[in-house]
Amino acid sequence: MRGNDREATVRRIMEQSPRPVPPEIHTEAVRRGGRMLRRRTLARRLLWLLLLAAAAAFTVWALTAQPWVEPPSETTPPLTGW
């Protein structure tokens with residue numbers, strides 16, 4: 001097809017009246033859409049809960065391990081009695 005032929009074909013298709021949609025499709029689409037929304041909401045809540053649990057676990061670990069504090073030296077004894 002050449003460019004003009006494609007354009008004419010597209011215009012002819014767009015000018016046609018739309019085909020009738022069976023009524024049971026609407027109810028099925030609404031049911032599936034509602035189910036998809038519920039699943040998406042549940043997944044989002046679970047991910048937020050997982051993120052919150054990870055943040056709480058990291059906070060507890062950081063407070064108990066204190067990784068910012070330099071560990072005491074184990075190779076040389078402390079100098080006392082000078």
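The legends below describe views of a predicted model.

**View 1. Overall dimensions of the protein.** The secondary structure consists of two helices and zero strands, where helices (H or I, at least four residues) and strands (E, at least two) are DSSP runs numbered from the N terminus. The C-alpha trace spans about 100 × 40 × 15 Å along its principal axes. The radius of gyration, taken over C-alpha atoms, is 33 Å, whereas a compact globule of 82 residues would have a value near 12 Å, by the rule of 2.2 Å times the number of residues to the power 0.38.

**View 2. The nonpolar patch that includes Leu 46.** Leu 46 belongs to helix H2, which covers residues 23-65. Together with Leu 42, Leu 49 and Leu 52, Leu 46 makes a nonpolar surface patch of about 430 Å².

**View 3. Pro 71 in the segment after H2.** Pro 71 lies in the segment that follows H2 and counts as exposed because its relative accessibility is 61%, exposed being over 50% and buried under 20%. The C-alpha atoms of Pro 71 and Val 10, which are 61 residues apart along the chain, are separated by 74 Å. Buried residues make up 1% of the 82 residues in the protein.

**Notes.** Residues are numbered from 1 along each chain as its sequence is written, and side-chain values use heavy atoms, with hydrogens and water left out. Local features need pLDDT of at least 70 and side-chain atom pairs count only at pLDDT 80 or more, while totals for chains, interfaces and linings use all residues.

Methods: Buried means under 20% relative accessible area, exposed over 50%, partly exposed in between (1.4 Å probe, protein chains only). Patches are made of residues with over 30% relative accessible area and no salt bridge: like charges are joined within 9 Å, nonpolar side chains (Val, Leu, Ile, Met, Phe, Trp, Tyr) within 5 Å. Accessible areas come from the Shrake-Rupley method with a 1.4 Å probe; for residues, only the protein chains shown count as cover. A salt bridge is a side-chain nitrogen of Lys or Arg within 4 Å of a carboxyl oxygen of Asp or Glu.
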